[in-house]
Amino acid sequence: MKKTLALFMVALIAITSLFANGGAETTAAVADDGTRTIKVGLICIGDENDQGYTYNFIRGRDEATAILAEEGINVEWMTIYNIGEDSSCIDANIEAAEEGCEIIINNSYGFEPYMLEVVDDYPDIEFISCTNCASWNDGRENTHNAFANIYEGRYIAGVVAGMKLQEMIDNGEITPEEAVIGYVGAYSFAEVISGFTSYFLGARSVCPSVTMKVSFVGSWSDATAESDAALALIDEGCVMISQHSDNTTPATAAQSRGVYHTGYNNDMTGIAPAASLIGTRIDWGIYFSEAIRAYANGEPIPQDWCKGMAEGAVVMTPLNEAIAAPGTAEKIAEVEAALADGSLQVFDTSTFTVNGETLTHAFALDTDGDFTADSVEAVHDGAFHESEAQSAPYFTVQIDGIQWLNSAY
């Protein structure tokens, strides 16, 4: 009888249980040695079928589960998909709390205000808002923010794009003036502006004539709008497309028109092998494992977490060697090393101008998290220092060489 029971318990370890409940999926990891299982809620704006933003979070979830299992920490996930940036997010946080989640992670920028409406009712639960900035300094011990220095990866993606554009110029395929990048952005606020500016600066570091046009779609995840924006940018003369949006449609649009592309959140070379050169993404497995490990060990979760390429929190997707310019892999390694040792500053103020002038002053934020006249100075030592005062980006400067075709706040 004991042997039969033992075999049954071993079998349970390998089982992943799934159930549908209001769009929720729960995966349970059970250890046979009595190790405590931490129950974690993950609330997502999309689902893994987007092959972009939410897919990248699911990859981080699974990576963290594997890392922590090796350490004897088991994680039971309750993943709730396709939640809007609206009152349904309140319901999702309450559902996760009532189901016994000890940590609840909200994966979209617009979730934070709704999450914060719930947290005071569950003071013993740790609430995490990814990519936003109102939780780390709100006076509560159970609210947290997390992001990563994705601008570093965007800069490198820009270098890859710039090398391809310069190759096209050198081969006589385009003129220097035709080296125009089209960028599909979700919204015109700091996270997106920081991303496309760092991308542009990376491209211009190897292709001096490059310019950029940005089209905002007013949504994080609207596959049709993202495709339409990419196609319109191509019609505007853009020969390279990039994106800060959740879906793969800008990549497929680029391939359909015979132009090049760099992606975000996932390797898009599989769906656009003739167009997509490289991508960059946050490795959320790094943060998830650190936060859950701290909780499991009775240690505080950092109020505001931010790491970059040097710590493995920002990574590049595989380079599409079949279409990349010669020497691109070597250049990537060179830039990564310079970012790691600090000899390269992405927002070096000597590399761009604002209305023809060098940027000498810009606010980050004050200690209350507000942008006021008393805010922290972001420009010092010859560079704008992004994500130094908080994890969430605060670069909102409109630099020369980038044309905004519209505004979507």
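Me: What is a cavity, and what counts as its lining?
Reply: On a 1 Å grid over the protein atoms alone, a cavity is a set of points where a 1.4 Å probe fits but cannot get out, and lining residues have an atom within 4 Å of a point. Rolling a probe the size of a water molecule over the atoms shows where empty space is left. Here, in this predicted model, the second largest cavity is lined by Y53, N56, F57, T131, F147, Y264, N265, I282 and W284.

Me: What is the volume of the second largest cavity?
Reply: A volume is the space filled by probe spheres set on the points, with grid points joined across faces, edges and corners. For the second largest cavity that gives about 40 Å³.

Me: Which helix gives the most to its lining?
Reply: Helices are DSSP runs of H or I with at least four residues, strands are E runs of at least two, and both are numbered from the N terminus. Helix α2 (residues 53-70) gives the most, three residues.

Me: Which classes of residue line the second largest cavity?
Reply: Ala, Val, Leu, Ile, Met, Phe, Trp, Tyr, Cys and Pro count as nonpolar, Asp, Glu, Lys and Arg as charged, and the others, Gly among them, as polar. This lining has six nonpolar, three polar and no charged residues.

Me: How many cavities of 30 Å³ or more does a search of the whole structure find?
Reply: There are two. The largest cavity holds about 60 Å³ of space, and its lining includes Y53, T131, H244 and D246. By class, that lining divides into four nonpolar, three polar and two charged residues.

Me: I see A313 in a loop between β12 (304-307) and β13 (314-316). Is A313 buried or exposed?
Reply: Buried means under 20% relative accessible area, exposed over 50%, and partly exposed in between (1.4 Å probe, protein chains only). A313 counts as buried because its relative accessibility is 0%. Its C-alpha lies 5.7 Å from that of I282, 31 residues away in sequence.

Me: How should I read the confidence?
Reply: pLDDT is the predictor's confidence in each residue, from 0 to 100. The chain has a mean of 90, and 89% of its residues reach 70 or more. Over residues 1-22, pLDDT stays under 50. Where pLDDT is low, the predicted coordinates should not be read in detail.

Me: What ground rules apply?
Reply: Residues are numbered from 1 along each chain as its sequence is written, and side-chain values use heavy atoms, leaving out hydrogens and water. In this predicted model, local features need pLDDT of at least 70 and side-chain atom pairs count only at pLDDT 80 or more, while totals for chains, interfaces and linings use all residues.

Terms used: Contact = heavy atoms within 4.5 Å. 1 Å grid on protein atoms, 1.4 Å probe; cavity = no way out; pocket = protein on both sides within 12 Å on 5 of 7 lines; lining within 4 Å.
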